[in-house]
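This briefing sets out selected features of a structure for computational work.

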Amino acid sequence: MVENRPLTNIVTHGVLILGAAVFVLPIWIAFVASTHTGREVNRGLTLWPGDQFIANYTTALTEGVATAGAPPLALMLFNSTVMALAIAVGKITISLLSAFAIVYFRFPFRVLAFWTIFVTLMLPVEVRILPTFEVVAGLGLLNSYAGLSIPLIASATATFLFRQFFMTVPDELTEAARIDGAGPLRFFRDILVPLSRTNLAALFVILFIYGWNQYLWPLLVTTDESYYTIVMGIQRMLATSDQLPEWHLIMATAILAMIPPVLVIVLMQRLFVRGLVEVEK
Amino acid sequence: MTAITLRNVSKTYPGGVEAIKGVSLDIGDGEFLVLVGPSGCGKSTLLRMIAGLETITAGEISIGERVVNNLEPAERDIAMVFQNYALYPHMSVRQNLEYGLKNRRMARDEIARRVEKAAGILGIAELLARKPRQLSGGQRQRVAMGRAIVREPAAFLFDEPLSNLDAKLRVQMRAEIRHLQRSLGTTSVYVTHDQLEAMTLADRIVVLNGGVVEQVGTPMEVYERPASLFVASFIGSPAMNLVPLQQARERAAIAGLVNGSVPSGLSTDAVLGVRPEDMTVGENGAGADAVRFAFTVTAVEAVGAESYVHGNLQGGAGDIAVRMPGYHRLEPGTVLSAVTAPEKLHFFAGASGQRVDRAGAAQ
């Protein structure tokens with residue numbers, strides 16, 4: 001914008017501030033609610049933090065929400081971390097390798113293999129959830145970390161992205177590596193993976209959050225509360241029959257559940273943004 | 001001793017396209033051989049077959065004493081310099097130079113010694129810590145050559161290494177490559193589409209056209225006695241004038257062609273060739289047996305030290321270009337005459353395009 005008119009400035013800033021407020025307000029209310037006693041929260045909304053911050057968070061982390069029979073938060077946070085990491089690392093590993101195979105090797109049915117993977121893009125977890133549950137149950141993976149993560153690892157998004165990236169790597173690099181005596185795996189390790197570094201970071205962030213935010217699938221495959229993840233745990237806390245939900249603890253849980261994804265984004269922000277906007281070749 | 005030998009080498013792509021049709025070459029130890037030709041003539045394919053990046057459909061390639069048809073590129077003891085340099089972008093210059101040696105499990109101190117030596121030769125010692133993207137085109141080119149040198153290979157293969165550089169740098173790097181190859185004495189095969197590069201670098205030139213060798217010879221042999229119409233038109237700048245002989249004679253565009261200066265038994269579609277730099281405008285220094293060309297000026301290109309006069313031969317018998325020293329302004333439409341000595345004329349059979357020599361001409 002070359003224009004510099006005061007009125008336009010005021011309007012644009014107004015719109016931006018309003019937009020930011022709309023996004024921040026619920027989080028702020030959740031935070032405020034998590035710092036009051038349960039009675040105060042049930043009486044109605046307040047906009048300023050109370051004095052129960054330490055007490056509420058300590059209760060949530062160590063004891064959990066007793067009325068709902070949910071485990072302590074620390075365990076659920078741990079479960080969520082394991083699941084999100086397994087999904088992110090598993091997906092990236094598998095898709096790097098399969099993209100490598102599809103782009104750099106000539107084998108029978110190569111194109112068919114690629115399109116088969118591609119078609120799974122159109123089948124999100126929710127669509128195939130019943131058959132997947134049947135398979136996981138049949139394999140005895142209910143109530144296990146494997147059952148939580150493995151079915152979500154199989155998806156094509158990352159494979160497709162890496163394939164597109166590998167196809168932009170100049171052929172001469174491959175040839176130079178061949179002349180330099182690098183076999184396929186060495187080429188993969190020494191050249192291709194380092195070149196994909198920014199893509200890896202961006203995908204890691206996206207997939208970690210994807211895994212962390214899984215709700216429906218953990219709800220289906222876990223009945224043992226020691227495998228509850230935090231996102232589904234919040235829902236469990238609401239399911240009380242004869243009592244008011246303990247909103248102050250639920251909000252503390254929600255705030256805690258947000259922290260790991262935010263941390264991942266903040267820590268990897270620089271690489272993440274680079275991975276989305278530029279490709280270094 | 002690393003000679004490279006090609007025996008009836010052919011390459012047919014799966015689609016049935018014949019890129020190389022039975023090429024045989026003997027490249028001597030320490031020789032600088034340049035493969036030159038227009039784009040699509042198969043010169044890069046041939047180089048990549050020597051490198052092992054393309055399979056060989058038929059024939060045999062040997063490097064030194066070994067037949068290398070089925071060897072991996074890394075096992076052929078060659079090093080290649082690519083047109084776009086193909087440096088590993090995430091590695092520093094030093095790592096780029098070391099990579100091939102590390103893969104060979106060479107001792108650390110030997111690697112360091114070779115890298116220092118190559119960096120010294122190429123003047124890139126102070127760049128070793130940088131990444132390729134922090135280098136200029138010329139510096140990248142040097143690193144690419146450094147990567148070849150540290151290998152101390154039996155042969156260097158260059159695939160149009162200078163075509164991404166600007167004109168001035170290209171001339172400078174050309175001289176450096178020549179000097180480097182001389183001092184290292186490593187057998188080299190160099191691919192280019194630039195006939196000037198070919199002329200200045202080569203011990204011998206191979207002119208390729210459509211997957212077939214048109215001529216092999218030293219730069220001067222190729223320039224002075226082009227073996228075919230194709231070579232005549234490809235080597236030399238501006239290109240050799242090629243005039244249909246019969247037409248030019250009928251329309252009196254050429255005078256002074258006596259029987260002794262024309263090979264006997266030429267067919268009616270024969271072509272006469274004469275280089276612009278072998279002709280003189282006017283009668284200066286014309287011998288008794290001079291051959292005269294009458295033409296009408298259409299344009300003059302002045303390039304500083306000399307001017308090229310373009311014109312139509314009398315009676316529309318063909319186009320002609322003549323070099324004149326110095327700067328000249330000539331109005332289009334001026335009628336001029338240019339002379340040349342009969343031994344500067346080249347004759348080619350029209351149908352085959354093959355060179356035809358005068359009886360008794362020096363071979």
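In helix 4 of chain B, B:Gly138, B:Gln141, B:Arg142, B:Met145 and B:Ile149 are in contact with B:Leu169, B:Gln172, B:Met173, B:Glu176, B:Ile177, B:Leu180 and B:Leu184 of helix 5 of chain B. By class, the residues of this contact comprise 7 nonpolar, 3 polar and 2 charged. The model is predicted. The points below treat the geometry of this helix pair, two further helix pairs, the contact of the chains, salt bridges and local backbone features.

**Helix 4 and helix 5 of chain B**

- Helix 4 (residues 137-149) and helix 5 (residues 167-184) of chain B have axes that come within 11 Å and cross at roughly 15°.
- Angles under 35 degrees count as roughly parallel, and helix 4 of chain B and helix 5 of chain B are therefore roughly parallel to each other.
- The crossing of helix 4 of chain B with helix 5 of chain B is right-handed.

**Helix 2 and helix 3 of chain B**

- Helix 2 (residues 93-103) and helix 3 (residues 108-122) of chain B pack at an angle of about 135°, and their axes are 10 Å apart.
- That angle makes helix 2 of chain B oblique to helix 3 of chain B.
- Helix 2 of chain B and helix 3 of chain B form a right-handed crossing.
- On the side of helix 2 of chain B, the contact is made by B:Arg94, B:Leu97, B:Glu98, B:Leu101 and B:Lys102; helix 3 of chain B contributes B:Ile111, B:Arg114, B:Val115 and B:Glu116.
- The contact of helix 2 of chain B with helix 3 of chain B has 4 nonpolar and 5 charged residues, with no polar ones.

**Helix 8 and helix 11 of chain A**

- In chain A, the axes of helix 8 (residues 157-168) and helix 11 (residues 197-212) come within 11 Å and cross at roughly 165°.
- Angles over 145 degrees count as roughly antiparallel, and helix 8 of chain A and helix 11 of chain A are therefore roughly antiparallel to each other.
- The crossing of helix 8 of chain A and helix 11 of chain A is right-handed.
- A:Ala158, A:Leu161, A:Phe162 and A:Phe165 of helix 8 of chain A make the contact with A:Asn199, A:Leu200 and A:Leu203 of helix 11 of chain A.
- This contact of helix 8 of chain A with helix 11 of chain A has 6 nonpolar residues, 1 polar residue and no charged residues.

**Contact of chain A and chain B**

- Chain B and chain A bury about 1900 Å² between them, with 55% of it on carbon and sulfur atoms.
- Chain B supplies 25 residues to the contact, and chain A supplies 18 residues.
- There are 3 salt bridges between chain B and chain A.
- A salt bridge joins the side chains of A:Arg178 and B:Glu72 (3.6 Å, N to O).

**Salt bridges in the structure**

- Over all chains, the structure holds 21 salt bridges.
- The side chains of B:Lys43 and B:Glu160 form a salt bridge (3.8 Å, N to O).
- This pair links distant parts of the chain, 117 residues apart: B:Lys43 is in helix 1 (residues 43-51) of chain B, and B:Glu160 is in the loop between strand 7 (155-159) and helix 5 of chain B.

**Local backbone features**

- The peptide bond from B:Ser237 to B:Pro238 is cis, with omega near -5°.
- B:Pro238 is located in the loop between helix 8 (229-234) and strand 11 (241-244) of chain B.
- Although B:Asp77 is not a glycine, its phi is positive, at about 60°.
- B:Asp77 lies in the loop between strand 5 (66-67) and strand 6 (78-81) of chain B.

Note on methods: Residues numbered from 1 in each chain as written. Chains lettered and ligands numbered in written order. Predicted model: local features only at pLDDT ≥ 70, side-chain atom pairs only at ≥ 80, totals over all residues. Heavy atoms only, no water. Axes fitted to C-alpha atoms, helices over the stretch in contact; angles between N-to-C directions. Helix = DSSP H or I, 4+ residues; strand = E, 2+ residues; numbered from the N terminus. Parallel < 35°, antiparallel > 145°, perpendicular 65-115°, else oblique. Left-handed = near helix turned anticlockwise from the far one by under 90°. Contact = heavy atoms within 4.5 Å. Nonpolar A, V, L, I, M, F, W, Y, C, P; charged D, E, K, R; others polar. Buried area = accessible area lost by both parts, 1.4 Å probe. Salt bridge = Lys/Arg side-chain N within 4 Å of Asp/Glu carboxyl O.
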